[in-house]
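Here's a quick tour of one protein chain, for anyone just starting out with structures. Keep the 3D view open and follow along.

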Amino acid sequence: METETFSGGPDDMAAREEALQPAAGRIALFDSNGQRKAQATVLTEIGQQHHLFHDPDGEAFARVTVADHAEVFRIVGSEYRDLLGRAYYLLTGAGANRNAITDAVATLTATARYAGPEEPVHLRVGASGDGIVIDTGGSNWAVIQVDASGWRIAHQHSANFRRTTKAAALPVASSAEFNLIWKYVNVEPVDRVLVAGWALAAMRPHGPFPILLALGEQGVGKSGFARTLKSLTDPSGVPLRPPPRDDRDLLVAALNSWVLALDNLSGATPQLSDALCRLATGGALAGRKLYTDTEESAHNIQRPVILNGIDDLASRPDLAERCIHLTLPPLTTRATEADLAAQFKVDAPKIMAALLDGLALALSEVDTVNIGPLPRMADFAKWAAAGVPALGFTSEQFITAYRSNQADAVALGLESSTVACTIRSFAERQGRWKGTARELLSRLNQEAEADRNVPGWPHSPKGLQTILRRLGPSLRSVGIHVERDKKADNQYLTLSCKPRGELPQVPQLPAEPVDDGRLAVVADAREVCTVPSRSIDREVTTI
């Protein structure tokens with residue numbers, strides 16, 4: 001699907017040159033003694049006419065007025081270096097020396113860090129007071145401002161957004177019609193509400209963000225699924241990425257994209273699984289700084305993520321519980337890429353408007369929506385439940401589907417682990433067992449004689465303890481509890497198993513409506529899920 005990339009076309013370049021000429025014209029090439037200034041001095045004076053500042057992490061930025069809007073650049077980035085070089089050429093008719101640009105950038109970076117103000121800098125989505133501000137990605141650098149009363153497009157604003165070279169423009173919102181998205185996203189009808197909830201979360205300025213996991217056989221539209229959702233939340237000239245080789249690759253990808261869409265994964269290593277968990281719910285991604293031996297580059301970062309593949313990618317319980325699991329059905333009809341792209345260009349503005357309506361509704365209702373007992377990723381669940389009524393679903397539909405999806409994820413994580421299956425079988429037969437980790441490992445080895453050589457099987461009591469901690473929440477959800485009791489020199493483990501009849505049952509819809517006249521889902525015997533009724537107002541004006 002075609003997108004407008006932010007790469008500086010001829011018209012944009014002309015606008016920049018026109019804006020740079022007056023600034024360059026105020027720079028003197030000779031000092032008071034009639035001596036020609038050094039190139040680095042002239043370049044520094046050009047940069048000092050920009051608004052220099054730093055973000056909370058100490059990174060230096062420059063805000064440059066271009067025509068009727070402002071653009072934000074990393075001072076050490078190649079785009080800003082090119083901007084300085086172009087301004088110098090317009091002033092002198094000659095190119096600037098590379099070393100002179102490097103010297104000027106060093107001075108301007110120091111000015112921004114040590115003398116400039118601290119200001120937040122966002123990538124695609126940011127917080128603004130009680131609302132949300134979204135970078136449209138267009139060449140005019142307009143933003144979309146969303147609050148509880150609605151949304152609007154603003155051309156004059158104070159928000160700082162940085163862009164990467166492949167950043168692209170969001171669809172220009174028009175009249176709202178979210179149901180059009182299902183022409184391009186092939187999911188089972190029962191899972192559509194989960195996709196809608198994820199899309200609302202992806203436009204939220206902070207996490208936690210569930211990982212959207214799309215699995216299916218070849219030819220079911222997995223890449224098209226990811227490409228469509230990426231184009232509606234964080235469009236890019238290169239929407240789909242290959243799997244990262246290590247944490248550093250993942251960190252670089254996260255720093256340069258708001259939504260990460262990883263295409264065609266064949267599996268997830270334990271290292272990648274743990275890194276994706278940190279990316280979803282918050283945690284440091286770190287790597288060694290280039291050209292250093294001991295310095296580390298660490299970022300506490302959260303990002304919405306889309307994964308797709310044929311194989312099961314979230315077999316580890318901790319990753320499985322952070323995912324929305326979708327199995328895409330076979331396609332019943334097919335169309336050419338060109339036809340889909342042409343039709344999507346027509347429908348995308350209507351889908352985008354509906355998403356913005358959903359964000360406004362979520363901001364208004366998130367504090368009052370009641371989803372019953374809080375599930376894992378509770379902040380996401382409340383946000384999505386509050387906003388999906390604007391997209392054609394009810395809050396009850398969302399929370400029921402999400403709880404069911406999480407239960408399936410837990411079951412999948414247990415079924416994918418040979419150790420978990422063996423522990424479950426052992427505990428269900430024993431009812432209650434007590435002993436040391438060494439004794440338990442010995443019993444499990446006897447239980448799974450043929451499976452002891454599979455990857456991930458523990459070979460020491462310490463390894464078993466680690467696996468039990470990882471599997472603990474999933475085992476408890478199926479009635480198996482692991483308790484630890486340290487006495488003298490040994491730590492004793494107690495395994496207990498509830499009979500299947502005592503486990504919590506899947507919630508059912510009540511026969512009677514709740515007080516506001518809408519049907520609600522009973523989350524347990526005491527709680528219902530409700531959201532107050534509200535009409536959605538949309539203000540489509542430019543400021």
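In helix α5, the buried residues are Val193, Leu194, Val195, Ala196, Gly197, Trp198, Ala199, Leu200, Ala201 and Ala202. "Buried" means under 20% relative accessible area, with exposed being over 50% and partly exposed in between (1.4 Å probe, protein chains only). So α5 (residues 192-202) is mostly covered, with ten of its eleven residues buried. Helices (H or I, at least four residues) and strands (E, at least two) are DSSP runs, numbered from the N terminus.

This is a predicted model, in which local features need pLDDT of at least 70, side-chain atom pairs count only at pLDDT 80 or more, and totals for chains, interfaces and linings use all residues. Residues are numbered from 1 along each chain as its sequence is written, and side-chain values use heavy atoms, with hydrogens and water left out.

**The whole chain**
- The protein chain has 15 helices and 16 strands.
- Of its 543 residues, 50% are buried.
- Take the contacts (heavy atoms within 4.5 Å) with a separation of 6 or more: 68% of them are between residues 24 or more positions apart.

**Strand β8, covered on both faces**
- All five of the five residues in β8 (residues 211-215) are buried, so this strand is largely enclosed by the rest of the structure.
- In a regular strand the side chains alternate between the two faces of the sheet.
- In β8, one side has Ile211, Leu213 and Leu215, the other has Leu212 and Ala214, and all of these are buried.
- β8 runs parallel to strand β12 (residues 305-309), and five bridges join them; two strands pair if DSSP finds at least two bridges between them.
- Ile211 has Val305 as its bridge partner in β12.
- β8 also pairs with strand β13 (residues 323-327), in the parallel sense and over five bridges. There, Leu213 stands opposite His325.

**Nonpolar cores**
- A nonpolar core is a set of buried Ala, Val, Leu, Ile, Met, Phe, Trp, Tyr and Cys residues joined through side-chain atoms within 4.5 Å.
- The largest one has 72 residues, and Val146, Phe178, Phe225 and Phe398 have the most contacts inside it.
- Helix α10 (residues 337-365) gives this core its largest share, twelve residues.
- Leaving out residues up to four places away in sequence, Phe225 touches Val185, Val187, Val195, Leu212, Ala214, Ile306, Leu326 and Leu328.
- There's a second, separate core of 26 residues, and Ile211, Leu215, Leu262 and Ile301 are among them.

- Three strands make an open sheet in the order β1-β2-β3, with antiparallel pairing.
- β1 (51-54) and β3 (69-74) stand at the edges with a single partner strand each, so one side of each has no neighbour in the sheet.
- From one strand to the next, the twist averages 30°.
- β1 pairs with β2 (residues 60-66) over four bridges, in the antiparallel sense, and Arg63 in β2 is the bridge partner of His51.
- Helix α3 lies across β1, β2 and β3, and runs at about 115° to β3. Axes are lines fitted to C-alpha atoms, for helices over the stretch in contact, and angles run from 0 to 180 degrees between N-to-C directions.
- Helix α4 (residues 98-114) packs on the sheet too, touching β1 and β2, and its direction makes about 65° with that of β1.

**The four-stranded sheet**
- Here the strands form an open sheet in the order β4-β5-β6-β7, and the pairing is antiparallel.
- β4 (125-128) and β7 (150-154) are the edge strands, each pairing on one side only.
- The twist averages 25° from one strand to the next.
- β4 and strand β5 (residues 131-135) run antiparallel, joined by four bridges; Val125 has Ile134 as its bridge partner in β5.
- α10 packs on this sheet, touching β5, β6 (143-147) and β7, with its direction at about 40° to that of β6.

**A spot in helix α14**
- Asn445 sits in helix α14 (residues 437-447).
- Is Asn445 buried or exposed? At 16% relative accessibility, Asn445 counts as buried.
- Not counting residues up to four places away in sequence, Asn445 touches Arg452 and Trp457.
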